[in-house]
Amino acid sequence: MDAHKLVRMANEIATFFESDPDPAAVSDGIAGHIRRFWDPRMRRALLLHIDEHAGEGCRPAVLAAIAANRKSLTPPAA
Amino acid sequence: MYSVKEPDAGTPERNSSEQVTLEIDGRAVTVPAGTSVMRAAADAGVRVPKLCATESLEAFGSCRLCLVQIEGRRGYPASCTTVVEPGMKVRTQSDPLAKLRRGVMEMYISDHPLDCLTCPTNGNCELQEQAGVVGLREVRYGFDGANHFKQAEKDTSNPYFDFDPAKCIACSRCVRACEEVQGTFALTLQGRGFESKIASGDTDFKSSECVSCGACVQACPTATLVEKSIVERGQPDHSVVTTCAYCGVGCSFRAEVKGSEVVRMVPNKDGHANHGHSCVKGRFAWGYATHKDRITKPMIRSSIRDPWREVSWDEAIAYAASEFKRIQAKYGRGAVGGITSSRCTNEETYLVQKLVRAAFGNNNVDTCARVCHSPTGYGLKTTLGESAGTQDFDSVEHADVIVVIGANPTDAHPVFASQMKRRLRAGARLIVIDPRGIDLVRSAHVEAAHHLQLRPGTNVAVINALAHVVVTEGLHNEHFVRTRCEQPAYDKWKAFISDPRNAPEATEEVTGVPAAEIRAAARLYATGGNAAIYYGLGVTEHSQGSTMVMGIANLAMVTGNIGRPGVGVNPLRGQNNVQGSCDMGSFPHELPGYRHVSDPAVRALFAAAWGVDIDAEPGLRIPNMFDAAIDGSFRGLYVQGEDIAQSDPNTQHVTAALESLECLVVQDLFINETAKFAHVFLPGSSFLEKDGTFTNAERRISRVRKVTPPLAGKADWEATLALAEALGYPMQYTHPSQIMDEIARLTPTFTGVSYAKLDQLGSIQWPCNDRAPEGTPVMHIDEFVRGKGKFVITEYVATQERVTRRFPLILTTGRILSQYNVGAQTRRTANNTWHHEDRLELHPHDAEHRGIKEGDWCKIVSRAGETILRATISERMQPGVVYTTFHFPGSGANVITTENSDWATNCPEYKVTAVQVSPTGEPASTWQRRFGEFSEEQDALLPRTDSH
Ligand code: SF4
Ligand code: SF4
Ligand code: SF4
Ligand code: FES
């Protein structure tokens, strides 16, 4: 999957949730949205991109949300 | 006129709590106050002769055929215009009445060409019938008085109906139908007495204001206005009640049939969505169903450069199944998927998602709602708890303020627009929020109180500004918010929305809407009585589509405009079964009834019913499928009734994705743009060829009934069954009603739905279950589906699609009345008379600046691609904004649209593309030339038969 697109999608999701004044809600919102709507291969590709490219291009809120919810976002082995 | 005869009580029904009892020809009858004597007589089983009266129109009292005698009153009042009174004693038959009526009839007949035997409405003409009823035996005035039939010529300019003034009896039913039912005011009755005649302005029908809805034709009691199909094919012998397959209004029709051939579609007056009205598409544009381009034999090929080979159903299905199995074995279970269609029935859609989930074993199923109303599902579910509109259409009759946002109902939802216009003529106030001056802003007897002509892409800033005014000026409904909504979420939202950055004065520069206009509109919405919001794709097809839907819900909640007739949040759905296809579990994260696949209890329910494990992981959405196809992890796709190659954005990316598939199975009526990339073609069946149900924009489930046998031998649901069986997952249904029974068993909001109940009630609005056995016209009455309504913070975020010096204009897209969506159906009808090409609409200022004149070819370039269209110069646009429709594939509208999409649902941002426009001498872009060549190449690969 095109990592740039995934990063952009994740950033757009983050931009929406970032307007919540409660930081926990921001993190849960971003991770929950990705968990609920992204096919495993998309999540896998995003995680891989973050690991391999030090999160390049991702908004800090995306990185924080993913770090805090890494386990639930990691797809079961294919 | 209805040919398969239906009773006509002569004047409209009245609703009143007060009942009036009177006596008609010695029979006592009780009717609501305000009812006409004529209608009361019909209730008592007494038919009074009539010509100018019909129950869809207010009485006019011109023909004098319906005279009666009333005890204690002098003279002979007209029963259609006389209102019942308690204790009235009415006589409808007597010698003097009979004489008077015969006299009236004699006058009419003396001015009428008596060519009944060759007249298209012979046997179905009210004049003929009434002459019989009144016992006309002679015509003392001769047959050559000041006759109509000497003067005027037939007007055959409309492609669907003729106007033969010779046969006109000047009853003005047509004029009144155009005014009262349709609201277009295209016809007038000119002159008096024998001189009076009907005119469509000072031009013929085709060039007039007429929108070809056919209401006048239906109202005409003679053959003056008559469908060409009836002239050509004769009168029908039976009729079948079914549902229109075009837009989300979901009009009910009687398909009138002669043998097994449809000769006319007449809107059903018992139809709950349309009450006997229709638009040009549903009534007239059904000829595509038998168009010569229909493919009626299954075909296969191993590469898209190979010729198609016609094969048996068995061979085609076996080939498709073996390919899907091969791909899954090689690339994994998730390498294949399916796309359901909003043009197919609920049952068909349900089967396709079931096939994907049970036979493919994954959740890679999506539907075309992805590209239109997916943000509605997300936004309304989050805030209100259910992914659907809150009201029935009739609710608009109770609205005092109507807000139309990013929708163009007169073109896209014409029958509902007529109902809305009726309410507006009766005094409701209108607020339009749209970058374009749509027809509603100013049309016959309708004018918007406020037109907030915002810049495309700034919806959320406008809705926030409206809510800001409501909250900061104290216009909110404190009681509603306190009792019905989640308090903590409201408090957070209130702090957000009250911030000065959301004030109209602060957003004015971004939105282009003057602050004073926003303030006035907000005050009207909050304080003008029942306020209802109707919105369309101008809301959803944005990078903040879902945010905007939630912003709309916030505004409705904060003013308490939810949970009763006359208010609500109402998405106007584009295609006929958008609501249904979403309800049926077409989304990759939801099983039928909008239940997430991660919920173990829901999965267990379906697993038990279907005998398979359900994948707990969400699948790919349509744009993700394209990306995964290019990436190589997605290789096989089953597409039912959708044309993703034309309708989805960034065409070149889509076609690259389609080209990289190893097996693309397309099931459709025609070789559409997507089928040009297919390996298996399964011939589809039109809505006239199958049984099923559609669910319209008001959650109304209506029956689709088989009128003629499927041309290709299988209805679509049967083809899906065959494919599932070949994939090793047989499903046992012998009729779509059994599929609905299964849906009802597994979906709490459908528990009470069955074909038997649909037959009994006519239609049902879900939820329909023990709590609401006859369905639910208005939702969220005592509490929200999610319990308490949830306010959501909706920060405005500008789209990344910015105008720059290189791309200084914003392109937005839309549709027009006569064409439907990708146009595969309507382009194959005479509707092309009105719209035979997509054009670029631009403001005179932008045109002049670029040296573009009306009709010039102009090149439109975006970051995604370029295309060439002719220009139409129009004041409806604001400077800086250009517009086009997307009904013709060669226009390449989606070559220029980008892949930007809604943050929550990936619904494409069709409504905002930064472009540059310049005049050009060339009539085609490189893409358009290549498109033309590819289409020709693909045409040549079709089997040679007489029909190709
Ligand atoms: S077809 Fe419809 S719009 Fe046209 S004249 Fe008749 S009623 Fe009016
Ligand atoms: S065209 Fe038909 S409906 Fe209109 S006035 Fe003549 S007879 Fe009546
Ligand atoms: S297209 Fe829509 S408005 Fe027109 S007849 Fe069909 S359902 Fe009704
Ligand atoms: S039907 Fe009453 S006056 Fe014509």
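Q: Is B:K354 buried or exposed?
A: In this predicted model, B:K354 belongs to helix α10 of chain B, residues 346–360. The cut-off for a buried residue is under 20% relative accessible area. B:K354 has 5% relative accessibility, and therefore counts as buried.

Q: Which residues does B:K354 touch, not counting residues up to four places away in sequence?
A: B:K354 lies in helix α10 of chain B and is buried at 5% relative accessibility. Not counting residues up to four places away in sequence, the residues that B:K354 touches are B:A359, B:W610, B:Y729, B:M731, B:Y733 and B:E742.

Q: What relative accessibility does B:N346 have?
A: Helix α10 of chain B also contains B:N346. Beyond four places in sequence, B:N346 touches B:N577, B:G580, B:S581, B:M584, B:T693, B:F694, B:T695 and B:I701. B:N346 counts as buried because its relative accessibility is 0%.

Q: How far apart are the end C-alpha atoms of helix α2 of chain A?
A: Helix α2 of chain A covers residues 23–37, which is 15 residues.

Q: Which residue caps the N-terminal end of α2(A)?
A: The cap involves a side-chain oxygen and the backbone nitrogen of A:A24.

Q: Which residues of chain A lose the most area to chain B?
A: Contact between the chains involves 24 residues of chain A and 31 residues of chain B. Together the two chains bury about 2400 Å², with 54% of it on carbon and sulfur atoms. On the chain A side, 27% of what is buried comes from A:F16, A:F37 and A:R41.

Q: How many charged residues are in the shell around ligand 1?
A: The residues around ligand 1 are B:F161, B:C178, B:L187, B:F205, B:C210, B:V211, B:S212, B:C213, B:G214, B:A215 and B:C216. By class, 9 of the shell residues are nonpolar and 2 are polar. The count of charged residues is therefore none, since Asp, Glu, Lys and Arg are the ones that count as charged.

Q: Which residues are closest to ligand 2?
A: The shell around ligand 2 has 13 residues. By class, they are 9 nonpolar, 3 polar and 1 charged. The closest are B:C168, B:C171, B:S172, B:C174 and B:C220.

Q: What is the phi of B:S172?
A: B:S172 is found in the loop between β5 (161–163) and α5 (173–182) of chain B. B:S172 counts as buried because its relative accessibility is 3%. Although B:S172 is not a glycine, its phi is positive, at about 65°.

Q: Which helices of chain B each supply at least two residues of the shell around ligand 3?
A: Of the 13 residues around ligand 3, the nearest are B:C244, B:Y246, B:C247, B:C251 and B:C279. The shell divides into 9 nonpolar, 3 polar and 1 charged. The helices that each supply at least two residues are α8 (280–284) and α13 (414–425).

Q: What relative accessibility does B:E58 have?
A: B:E58 is found in the loop between α1 (37–43) and β3 (69–70) of chain B. Beyond four places in sequence, B:E58 is in contact with B:P12, B:R14, B:R176 and B:E180. B:E58 counts as partly exposed because its relative accessibility is 35%.

Q: Which residue is joined to B:P767 by a cis peptide bond?
A: B:P767 is found in the loop between β30 (763–765) and β31 (809–814) of chain B. The omega of the cis bond is about 0°. The residue joined to B:P767 is B:W766.

Notes
Residues numbered from 1 in each chain as written. Chains lettered and ligands numbered in written order. Predicted model: local features only at pLDDT ≥ 70, side-chain atom pairs only at ≥ 80, totals over all residues. Heavy atoms only, no water. Near = heavy atom within 4 Å. Helix = DSSP H or I, 4+ residues; strand = E, 2+ residues; numbered from the N terminus. Buried < 20%, exposed > 50% of the residue type's maximum accessible area, 1.4 Å probe, protein only. Contact = heavy atoms within 4.5 Å. Expected span 1.5 Å × (residues − 1). Polar contact = N/O pair within 3.5 Å; in protein donor to acceptor, adjacent residues only side chain to side chain. Buried area = accessible area lost by both parts, 1.4 Å probe.
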